Amino acid sequence: LAAGVTPRNAATLLLASFSTIGFVTFLGFMTPYLFAVLGVPADRQGALSGVLVSLQEVVQILIGAFLGAWSDRVGRRPLFAGGLAMMAAGYAAYPLAGSEAALVALRVFYAVGMTAATVMLSPSVAEYIDERMRGRWMGTVGVCNGLGVVVMATVFAKLPLWF
């Protein structure tokens, strides 16, 4: 580990790499169930889903570089933690949306948090490890990312069926 990084810091970052990418993919799995719960008519679901995903991508493109540059001023940890907090708040509020406009607004809010978290993941990983172990560390983080997606797809995405 790099100087000043504890094993607890490293474990927390591995957990964050597992959950960040996993929860980004989880929203896609849950959208059809959410539309059913919110009563979005079947003939509107495809168009609304396209709008939501497109807006999320536009937000990522527009603010990704800004967040990367801003992290050099305020630090990666606050932006990473803030991004994860925004993602959590977005997840908590998303099923409470009362209209399509509210869904769009909440998806944009979520997208800002998701972008902050995903943009901060790579540089945080790079600064936590000593140079000679960086490749192994990046491989471990990649495995955690992949496992997060698999767990979300095989376990969490099945929650509506179980309930």
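Ring pairs tie F23, F26, Y91, Y110 and F156 into a cluster. Rings of Phe, Tyr and Trp (its six-membered ring) pair if their centres lie within 6.5 Å; planes under 30 degrees apart count as stacked, over 60 as edge-to-face and the rest as tilted. The model is a predicted one, where local features need pLDDT of at least 70, side-chain atom pairs count only at pLDDT 80 or more, and totals for chains, interfaces and linings use all residues. Residues are numbered from 1 along each chain as its sequence is written, and side-chain values use heavy atoms, with hydrogens and water left out.

The protein has six helices and zero strands. Its elements run α-α-α-α-α-α from the N terminus on. Helices (H or I, at least four residues) and strands (E, at least two) are DSSP runs, numbered from the N terminus. Along the principal axes, the C-alpha atoms fill a box of roughly 55 × 35 × 20 Å. Of the 163 residues, 33% are buried. Buried means under 20% relative accessible area, exposed over 50%, and partly exposed in between (1.4 Å probe, protein chains only). Among contacts with a separation of 6 or more, 82% join residues 24 or more positions apart. A contact means heavy atoms within 4.5 Å.

Back to the rings. The whole structure holds seven aromatic pairs. One of them, F66 with W70, is stacked, at 5.8 Å centre to centre and 20 degrees between the planes. Both sit in helix α2 (residues 42-74); they are four residues apart, so about one helical turn separates them. F66 is exposed, at 51% relative accessible area. W70 is partly exposed, at 38%. Y91 and Y110 make an edge-to-face pair, with 5.4 Å between centres and 80 degrees between planes. This pair links distant parts of the chain: Y91 belongs to helix α3 (residues 76-93) and Y110 to helix α4 (residues 100-128), 19 residues apart. Y110 is buried, at 1% relative accessibility.

Next, the helix packing. Two packed helices are described by the angle between their axes and the distance between the axes. Axes are lines fitted to C-alpha atoms, for helices over the stretch in contact, and angles run from 0 to 180 degrees between N-to-C directions. Helix α1 (residues 7-38) packs with α3 at about 35 degrees, the axes 12 Å apart. The crossing of α1 and α3 is left-handed. A crossing is left-handed if the near helix is turned anticlockwise from the far one by less than a right angle, and right-handed if clockwise. From α1, L13, A16, T20, F23, V24, F26 and L27 meet F80, L84, M87 and Y91 of α3. By class, this contact has 10 nonpolar, one polar and no charged residues. Ala, Val, Leu, Ile, Met, Phe, Trp, Tyr, Cys and Pro count as nonpolar, Asp, Glu, Lys and Arg as charged, and the others, Gly among them, as polar.

Helices α2 and α4 also meet. Their axes come within 7 Å and cross at roughly 35 degrees. Here the crossing is right-handed. The contact of α2 with α4 has 18 nonpolar, six polar and three charged residues.

Two side chains deserve a look. S71 lies in helix α2 and is buried, at 3% relative accessibility. A polar atom of the S71 side chain lies 2.6 Å from the backbone oxygen of G68. A polar contact is a pair of N or O atoms within 3.5 Å; within protein, one must be able to donate a hydrogen and the other to accept it, and residues adjacent in sequence count only if both atoms are side-chain atoms. Leaving aside neighbours within four places in sequence, S71 is in contact with R76, L79 and M120.

T31 belongs to helix α1. T31 is buried, at 7% relative accessibility. The T31 side chain reaches the backbone oxygen of L27 at 2.7 Å. Not counting residues up to four places away in sequence, T31 touches S49 and R107. T31 and P95 are 64 residues apart along the chain, yet 9.6 Å separates their C-alpha atoms.

A101 is in helix α4, with a relative accessible area of 57%. A101 and L48 are 53 residues apart in sequence and 10.0 Å apart in space, C-alpha to C-alpha. A3 sits in the segment before α1 and is exposed, at 82% relative accessibility. A3 and D130 are 127 residues apart in sequence, with 7.9 Å from C-alpha to C-alpha.
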